[in-house]
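Please walk through this model with me, from its confidence to its sheet, its charged pairs and its rings.

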Amino acid sequence: NPHTDIHAPGHIDVSIQQVTYMPQGELLHEVACVHTPDGGTRYTLPPDRPHLLYTRFSHTQPQNPGLHEKLKAGPSAADLYKLLARYKEGSRGRNKPVTNAQSSDQCALPPALQGAIKAHTQSTKERFASPLNLSASTGAYWTPFERDQLFGAQWDAYQTQWAGSSTATPTFEPAQVH
């Protein structure tokens, strides 16, 4: 993408950039760009998300160094790249193991509704979340991928006894909605 590519850094890199979108006129938009070693922009995400993920990643290192060793964690930008690749819409059947997420894995409540629910239930937990869509005020959250633990996630909501109030937005198959 000529609007977001950068000079080749030689490693996975993240930058915040101002991007102008022209389809509806000139609109300046700030995005976080995740760059490949050759400087190409492979993924973009909201500009506040990399900081949240870096904070959670950095917190898990001293808290659970064995986890980082077990999952062969790299630098945070490299694991952010792997996280985005994992949640990119992929193939996943009902009887197949979860290896890539699908678009329905990224369903989340609108922030205002999430805030209202949390205010009335004192919920600080999200079930069936992802590091890419969880609320910044969430304490504990559960995802389907073991590697998400690098970003502070708990793994597998089905294997954990639920206690207290949680917000849950489970994955659905499009046919189930109709």
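A residue is called buried when its relative accessible area is under 20%, exposed when that area is over 50%, and partly exposed in between. By that cut-off, aspartate 148 is buried, and arginine 86 is buried as well.

This is a predicted model. The protein chain has an average pLDDT of 81. Of its residues, 80% score at least 70. Residues 90–105 need care: pLDDT stays under 50 there. For this stretch the model has 34 contacts beyond four places in sequence. Where pLDDT is low, the predicted coordinates should not be read in detail.

Four strands form an open sheet in the order 6-5-4-7, with parallel pairing. Strand 6 and strand 7 (167–168) stand at the edges. Each has a single partner strand, so one side of each is left without a neighbour in the sheet. Strand 4 (residues 125–127) pairs with strand 5 in the parallel sense, over 2 bridges. Lysine 125 has alanine 140, in strand 5, as its bridge partner.

Next come the charges. Side chains of opposite charge can pair when their charged atoms come close. The model has 4 salt bridges. One of them joins aspartate 79 to arginine 147, with the closest N and O atoms 2.6 Å apart. Aspartate 79 lies in helix 3 (residues 76–87), while arginine 147 lies in the loop between strand 5 (140–143) and strand 6 (154–155), so the pair ties together parts that are 68 residues apart in sequence. Both aspartate 79 and arginine 147 are buried.

Aspartate 148 forms a salt bridge with arginine 86, and here the closest N and O atoms are 2.7 Å apart. This pair also links distant parts of the chain: aspartate 148 is in the loop between strand 5 and strand 6, and arginine 86 is in helix 3, 62 residues away. Arginine 86 has a further partner. Its charged end sits over the ring of phenylalanine 145, 5.8 Å from the ring centre.

Lysine 118 and glutamate 126 meet in a salt bridge too, at 3.8 Å from N to O. Both lysine 118 and glutamate 126 are buried.

Turn to the rings. A pair of aromatic rings is described by the distance of the centres and the angle of the planes. The count is 5 aromatic pairs. In one of them, the ring centres of tyrosine 43 and tyrosine 81 are 5.4 Å apart and the planes meet at 65°, so the pair is edge-to-face. Tyrosine 43 lies in strand 3 (residues 41–45) and tyrosine 81 in helix 3, so this pair ties together parts that are 38 residues apart in sequence. Tyrosine 43 is buried, with a relative accessible area of 10%. Tyrosine 81 counts as partly exposed, at 21% relative accessibility.

Phenylalanine 128 and tyrosine 158 form a tilted pair, 5.3 Å centre to centre, with 55° between the planes. Phenylalanine 128 sits in the loop between strand 4 and strand 5, and tyrosine 158 in the loop between strand 6 and strand 7, so the pair ties together parts that are 30 residues apart in sequence. Tyrosine 158 counts as exposed, at 65% relative accessibility.

Ring pairs link Phe128 and Tyr158 with Trp162 into a cluster.

Note on methods. Residues numbered from 1 in each chain as written. Heavy atoms only, no water. Salt bridge = Lys/Arg side-chain N within 4 Å of Asp/Glu carboxyl O. Buried < 20%, exposed > 50% of the residue type's maximum accessible area, 1.4 Å probe, protein only. Pairing = 2+ DSSP bridges. pLDDT = per-residue confidence, 0-100. Contact = heavy atoms within 4.5 Å. Phe/Tyr/Trp six-rings, centres within 6.5 Å; stacked < 30°, edge-to-face > 60°. Lys NZ or Arg CZ within 6 Å of the ring centre and 35° of its normal.
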